[in-house]
Amino acid sequence: MEVTDIETAVLGSAVDAASLPAQVGARELEISSVVVRIHTDEGITGLGESFYRSEENNHFLAESIEAMGRHVIGKDPRDIKAIWHELYLHVKRAGAYGALSAIDEALWDIAGKNAGLPVYQLLGGQTSEVNAYATFPADKTADELTEYAEWLSAKGFEAMKIGAGFGIEEDRNRIKTIMDEIPDDFGLAIDANTSYNVTDARAVAETGSEYEIEWFEEPIAHTDIQGQAELNKSVEVPISGYQTHTPHYPALDHLKANALDIYQPSLDYVGGITGATRVASLVEAFNKEMVPHALGPAINYAASLHVAAASRQCELIEFAVLDDDVDDPGRYIAGPYVENQDAITCRMVDESIHRVNRASA
Ligand SMILES: [Mg+2]
């Protein structure tokens with residue numbers, strides 16, 4: 001089998017952007033994505049997906065997939081590891097981890113379709129049930145979040161994650177207000193998106209420990225392994241991260257240092273299914289937990305579910321609830337979250353579609 005053609009499509013978001021607070025870089029988070037479709041000479045096509053944080057940047061991502069795709073044309077798509085490592089030679093200098101991830105997901109999709117098996121079975125089969133926890137947009141007050149927690153609990157979620165990094169007092173108040181009000185069987189996790197130093201993170205973590213929250217995600221810079229380890233050993237609340245690690249190699253340093261209890265690889269960025277399954281193997285060896293970061297759209301989410309199902313140390317996965325104007329937040333991701341779905345159902349060359357094939361490679 002040979003790869004003959006690679007297309008990318010930039011999808012626009014049909015939901016409003018979420019606003020991230022100043023503490024984590026004050027920006028709008030758009031759930032737009034880039035889908036890659038890899039064609040083969042045997043008629044099997046594979047889909048993969050990644051995304052940056054805005055539709056505009058996703059056009060750059062599509063171009064990097066197209067550029068990387070030149071190294072995939074003519075190859076046997078089942079040689080996933082060999083292709084992954086060839087692409088990594090370029091990516092480790094150029095930083096195009098989103099492109100590597102999307103291409104890798106599409107190659108696994110081809111492998112699954114070729115074998116007539118779901119990808120999780122190619123990865124060794126299902127090892128456990130996986131539940132989803134709800135991530136909620138950062139720009140809500142504690143009182144609003146308490147109401148959302150009750151809504152999510154009533155709809156079947158067992159936990160939710162909220163933004164942190166608003167300052168020690170504010171974060172402590174949010175934890176206290178929400179934990180005092182939410183149902184006893186509903187868990188709360190917080191995510192500071194690397195915004196604290198160790199001293200301030202410890203102050204917030206102490207309140208998190210007191211209220212037995214589920215985890216404290218990315219409390220400090222992901223580059224400060226010693227600081228994370230110090231924090232993880234000195235507080236009760238589990239420390240978690242790091243969605244920005246690329247690819248799986250940094251996981252070893254963090255695990256050896258006992259710098260976190262929960263590892264959260266992001267498939268769209270860690271190197272796709274290949275990168276994430278390697279994280280899972282490392283996490284298993286160190287007897288830690290894996291809870292994939294999975295904020296994004298449907299194809300990448302499906303890939304994340306396959307890895308989660310086939311990873312022994314994974315019983316939980318993120319599920320973004322990006323719109324509160326829906327009846328059932330658990331069904332949202334299957335809904336019409338994309339405004340231009342035609343872009344992936346039609347093979348039309350328009351401004352949202354980029355292509356690379358044997359002629360241009
Ligand atoms: Mg996070």
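Two residues are in contact if their C-beta atoms, placed from the backbone, lie within 7 Å. The model is predicted, so local features need pLDDT of at least 70 and side-chain atom pairs count only at pLDDT 80 or more, while totals for chains, interfaces and linings use all residues. Residues are numbered from 1 along each chain as its sequence is written.

Colour by secondary structure next. The protein chain has 13 helices and 14 strands; these are DSSP runs numbered from the N terminus, H or I of at least four residues for helices and E of at least two for strands. Then colour by burial. A residue is buried if 20 or more other C-beta atoms lie within 10 Å of its own, exposed if 12 or fewer, and partly exposed in between, with C-beta atoms placed from the backbone. Of the 361 residues in the protein chain, 50% are buried.

**Helix α6**

Select residues 168-181, which form α6. The expected span of a helix is 1.5 Å times one less than its number of residues. For the 14 residues of α6 this gives 20 Å, and the end C-alpha atoms are 20 Å apart, which agrees.

Within α6, show the side chains of Asp171, Arg174, Ile175, Ile178 and Met179, which are buried. These residues cover an arc of only 110 degrees around the axis, so they sit on the same side of α6; the arc is that of the directions from the helix axis to the C-beta atoms. Turn to the other side of α6 for Glu169 and Asp180, which are exposed.

What covers the buried residues?

**α5 against α6**

Two packed helices are described by the angle between their axes and the distance between the axes. The axes of α5 and α6 come within 9 Å and cross at roughly 35 degrees. Axes are lines fitted to C-alpha atoms, for helices over the stretch in contact, and angles run from 0 to 180 degrees between N-to-C directions. The crossing of α5 and α6 is right-handed, that is, the near helix is turned clockwise from the far one by less than a right angle.

On α5, select Ala142, Asp143, Leu145, Thr146 and Ala149; on α6, select Asn173, Arg174, Thr177, Ile178 and Glu181; these residues make the contact. They divide into four nonpolar, three polar and three charged. Here Ala, Val, Leu, Ile, Met, Phe, Trp, Tyr, Cys and Pro count as nonpolar, Asp, Glu, Lys and Arg as charged, and the others, Gly among them, as polar.

**Loops**

Go to Leu117, in the loop between α3 (97-115) and α4 (119-122). Leu117 is exposed, with 12 other C-beta atoms within 10 Å. Leaving out residues up to four places away in sequence, Leu117 touches Gly112 and Leu122.

The remaining stops concern backbone geometry. Most residues other than glycine have a negative phi, and most peptide bonds are trans.

- Glu212 has a positive phi, near 55 degrees. Glu212 is in the loop between α7 and β9 (216-217) and is exposed, with 11 other C-beta atoms within 10 Å.
- Asn258 also has a phi near 55 degrees. Asn258 lies in the loop between α9 and β11 (262-263) and is partly exposed, with 16 other C-beta atoms within 10 Å.
- Gly241 to Tyr242 is a cis peptide bond, with omega near -5 degrees. Tyr242 is in the loop between β10 (239-241) and α9 (249-256).
- Thr246 and Pro247 are joined by a cis peptide bond with omega about -25 degrees. Pro247 is found in the loop between β10 and α9.
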